[in-house]
Amino acid sequence: MSTAEIRDTSGANGPAEASEFKGLLTRRWSCRAYLPDQVPDDVITEMFAMAQRTASWCNTQPWHVYLTKGEATRRLAQSLTEHARTHQQVSDLEAPAQYRGVYRERRREAGYALYTSLRIEKTDLAAREAQLLKNFEFFGAPHVAVITTDRDQGVYGAIDCGGYVANLLNAATSLGIATLPQAAIAMHSDHVRNHFRIPEDQLIVCAVSFGYPDTDDPVNGFRTTRADIGETVVVINN
């Protein structure tokens with residue numbers, strides 16, 4: 001194929017492919033209520049095979065995944081929920097020190113939308129605590145994937161794992177699977193490490209709960225917003 005033909009092919013397919021990709025990003029959302037149905041093994045395999053194409057520093061691919069199905073998910077949910085009720089947080093990676101300025105505003109906006117969808121008042125501390133604990137039940141998802149990074153690769157290994165998580169979420173969306181990335185699980189890294197017998201040379205980054213969404217649950221009725229690129233992109237001309 002000539003250079004001209006390559007250019008023609010790229011020009012013809014580019015806008016359509018870009019539109020399809022944009023649609024995929026727009027459709028992805030964070031699911032907080034699931035049906036009990038298990039995702040078929042062949043769909044799970046395809047989902048993780050797509051995520052495996054993620055770029056990484058020197059192609060090290062520092063992520064490892066501990067994936068649960070069936071009763072294994074429920075056992076982890078039960079033990080993790082009990083642990084979270086009675087223990088302080090212990091995370092492998094440093095948690096955010098605080099949220100200030102626009103980051104605090106975005107966080108508050110997302111939280112307000114969540115609790116409004118559930119009709120939980122700000123003063124109803126018991127209901128808020130119960131909703132918080134649902135994180136450790138994976139919101140009823142039939143599967144959870146715990147993602148770790150190689151300890152020796154430091155912050156850049158974690159960054160590579162962030163790219164892997166993003167691709168995993170989009171891969172799942174393309175297959176009709178709902179997802180929720182969860183940092184809350186990593187806030188109890190000590191328990192998760194013991195549960196799965198994760199080696200000490202791996203650091204727990206986060207978890208991704210996934211399955212088929214319960215679209216009748218009101219918690220799945222809200223969507224978060226995104227900042228305009230003018231707020232996040234600095235263009236340098238000279």
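Me: What distance separates the end C-alpha atoms of α6, and what span should its 21 residues give at 1.5 Å a residue?
Reply: This is a predicted model, and α6 covers residues 154-174. The expected span of a helix is 1.5 Å times one less than its number of residues, so the 21 residues of α6 should span 30 Å.

Me: Which residue with a positive phi follows α6?
Reply: Helix α6 runs over residues 154-174. The phi of the residue concerned is near 80 degrees, and that residue is glycine 176.

Me: Is cysteine 161 buried or exposed?
Reply: Buried means under 20% relative accessible area. Cysteine 161 is listed among the buried residues of α6, which also include Tyr164 and Leu168. Because its relative accessibility is 0%, cysteine 161 counts as buried.

Me: Which residues form a nonpolar patch on the surface together with Ile159?
Reply: Isoleucine 159 lies in helix α6. The patch has about 460 Å² of accessible area together. Besides Ile159, its members are Trp57, Val155 and Tyr156.

Me: How many disulfides does the structure hold?
Reply: A disulfide requires a pair of cysteine sulfur atoms within 2.5 Å. The sulfur of cysteine 31 is 16 Å from the closest cysteine sulfur, in cysteine 206, and is therefore too far away for a bond. Cysteine 161 is in no disulfide either, with the nearest cysteine sulfur, that of cysteine 206, at 8.1 Å. The number of disulfides in the structure is zero.

Me: Why does phenylalanine 138 count as buried?
Reply: Phenylalanine 138 is placed in the loop between α5 (125-133) and β2 (143-150). Leaving aside residues up to four places away in sequence, phenylalanine 138 touches residues including Tyr34, Leu76, Leu80 and Ile185. Buried means under 20% relative accessible area. Phenylalanine 138 counts as buried because its relative accessibility is 0%.

Me: What distance separates the C-alpha atoms of phenylalanine 138 and alanine 33?
Reply: Along the chain, phenylalanine 138 and alanine 33 are 105 residues apart. In the model, the separation of their C-alpha atoms is 8.6 Å.

Me: Where is threonine 68 found, and what is its relative accessible area?
Reply: Threonine 68 belongs to the loop between β1 (64-67) and α3 (71-86). Not counting residues up to four places away in sequence, its contacts are Thr73, Leu76, Pro142, His143, Val144 and Phe196. Threonine 68 is buried, and its relative accessible area is 2%.

Terms used:
Residues numbered from 1 in each chain as written. Predicted model: local features only at pLDDT ≥ 70, side-chain atom pairs only at ≥ 80, totals over all residues. Heavy atoms only, no water. Helix = DSSP H or I, 4+ residues; strand = E, 2+ residues; numbered from the N terminus. Buried < 20%, exposed > 50% of the residue type's maximum accessible area, 1.4 Å probe, protein only. Contact = heavy atoms within 4.5 Å. Patch = residues over 30% accessible without salt bridge, like charges linked within 9 Å, V, L, I, M, F, W, Y side chains within 5 Å. Areas by Shrake-Rupley, 256 points an atom, 1.4 Å probe, with all protein chains shown as cover. Salt bridge = Lys/Arg side-chain N within 4 Å of Asp/Glu carboxyl O.
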